[in-house]
Each structure stands twice: as structure tokens, then as C-alpha cells.
Amino acid sequence: MTPELVWLLIRQDAGGNRYRVGRFATRAEAERVAETLGAAGADGRAAGETAGGPAGDGQIYVIERVAPRPAQA
């Protein structure tokens, strides 16, 4: 059985453009990757809020939870 990958890690640049970095089974996994990519202080903020302050070039990382995919018949 495959775990649902319901946590998205999104990079947002200074112009507001958003790029999906990856999908994860847990928020903790997404936070670890955000920290690795340079997001300072990824914390437990609500979905849609920034996971950290601006990275070196004005980018921020956002962690959002998406609805699980419906089961296929």
C-alpha cells in the first residue's frame, strides 16, 4: 500500500510565481526538505503560510496540505 502524498512543498519567488518542489506523506518530511533547500526556520504554520523567510534570492518555501486522492474503483 502506498502512502498518500498530501503535503506539497512549493517554492515561491519574489514575483509571486509558484513552483511545486515535491509531494510528501508527512509535513515533517516537507519541512526537512525546505530546510535543506535553504528555508530558514520551517515551522508548524498553517497550510498556505510561508515555511521560512526569504532564501538568498528572495524565494520562500510554502507547505500546503491537499485533499487525498479519491480511491479508484
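## Overview

A residue is called buried here when its relative accessible area is under 20%. By that cut-off, buried residues make up 32% of the 73 residues in the chain. The model is a predicted one.

When contacts between residues at least 6 apart in sequence are considered, 38% of them join residues at least 24 apart.

## The strands

Strand E1 covers residues 7-12, strand E2 residues 18-24 and strand E3 residues 60-65. E1 pairs with both of the others. With E2, the pairing is antiparallel and has six bridges; within it, Trp-7 has Phe-24 as its bridge partner. These two strands make a hairpin, with five residues lying between them. Gly-16 is in the turn of that hairpin and has a positive phi of about 90°.

E1 is also joined to E3 by six bridges, again in the antiparallel sense. Of the six residues in E3, five are buried, so the strand is largely enclosed by the rest of the structure. As a general point, side chains in a regular strand alternate between the two faces of the sheet.

Val-6 belongs to the segment that comes before strand E1. Its relative accessibility is 6%. Because a residue under 20% is classed as buried, Val-6 falls in that class.

Which residues does Val-6 touch, leaving aside those up to four places away in sequence? They are Phe-24, Ala-25, Glu-64, Arg-65, Val-66 and Pro-68.

## Salt bridges

Side chains of opposite charge can pair when their charged atoms come close. The structure has two salt bridges. One is formed by Arg-18 and Glu-64, whose closest N and O atoms are 2.7 Å apart. Arg-18 is in strand E2 while Glu-64 is in strand E3, so this pair ties together parts that lie 46 residues apart in sequence. Arg-18 is partly exposed, with a relative accessible area of 40%. Glu-64, its partner in this salt bridge, is also among the residues that Val-6 touches.

The other salt bridge links the side chains of Glu-31 and Arg-27, at 3.0 Å from N to O. Both residues are in helix H1, which spans residues 27-36. They are four residues apart, or about one turn of the helix. Glu-31 has a relative accessible area of 16% and is buried; Arg-27 is likewise buried, at 16%.

How values were computed: Residues numbered from 1 in each chain as written. Predicted model: local features only at pLDDT ≥ 70, side-chain atom pairs only at ≥ 80, totals over all residues. Heavy atoms only, no water. Buried < 20%, exposed > 50% of the residue type's maximum accessible area, 1.4 Å probe, protein only. Contact = heavy atoms within 4.5 Å. Pairing = 2+ DSSP bridges. Salt bridge = Lys/Arg side-chain N within 4 Å of Asp/Glu carboxyl O.
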